[in-house]
Amino acid sequence: MNPVIGLDVSKGESHAQAFADRGTPYGKIFRFNHDLDGLASFLRYAQDLESFTGKRAAVVLEATGHYHSPVVQFLDEHQFVHIVINPLLSHQAKKANLRKVKMDAADAYQLGEMF
């Protein structure tokens, strides 16, 4: 299993979708704020996935100016492998999808699938 978490980062909050393995979503979309309580709840979410798969998940997120900075700092502090995608690359991947859906939950799912 190669677990991954796709994160769609917005101003002040993020949406996460975990994948236990390629194409296998784990649980539902998870929303958390960029404060201490929200980041702690994201850590519990990631630890739940880790206990299920036996491996620590990689985290894939899109560069969002400065909005993703607190999340990346948190991931660094907790030793998560994270990949910051250029928004142009994720936009190209979205254009390949026939369904044109713009919502944070769908973006988090798509980022996880990209990995």
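Reader: Which residues does E13 touch, leaving out those up to four places away in sequence?
Author: This is a predicted model. Residues up to four places away in sequence are not counted. That leaves contacts with D8, R31, F32, N33 and H34.

Reader: Which side chain makes a polar contact with the side chain of E13?
Author: R31 is among the residues that E13 touches. The two side chains also make a polar contact, at 2.6 Å. The partner is R31.

Reader: Is E13 buried, partly exposed or exposed?
Author: Buried means under 20% relative accessible area, and exposed means over 50%. E13 has 22% relative accessibility, so it falls in between. E13 counts as partly exposed.

Reader: Where in the sheet is the strand that holds E13?
Author: E13 lies in strand β2. The open sheet has five strands, with mixed pairing. Its order is β3-β2-β1-β4-β5. That puts β2 between β3 and β1.

Reader: Which are the edge strands?
Author: An edge strand here pairs on one side only.

Reader: What angle does helix α2 make with β5?
Author: Helix α2 spans residues 69-77 and packs on the sheet. It touches β1, β2, β4 and β5. Its direction makes an angle with that of β5 of about 160 degrees.

Terms used
Residues are numbered from 1 along each chain as its sequence is written. This is a predicted model: local features need pLDDT of at least 70, side-chain atom pairs count only at pLDDT 80 or more; totals for chains, interfaces and linings use all residues. Side-chain values use heavy atoms; hydrogens and water are left out. Two strands pair if DSSP finds at least two bridges between them. Helices (H or I, at least four residues) and strands (E, at least two) are DSSP runs, numbered from the N terminus. Contact means heavy atoms within 4.5 Å. Axes are lines fitted to C-alpha atoms, for helices over the stretch in contact, and angles run from 0 to 180 degrees between N-to-C directions. Buried means under 20% relative accessible area, exposed over 50%, partly exposed in between (1.4 Å probe, protein chains only). A polar contact is a pair of N or O atoms within 3.5 Å; within protein, one must be able to donate a hydrogen and the other to accept it, and residues adjacent in sequence count only if both atoms are side-chain atoms.
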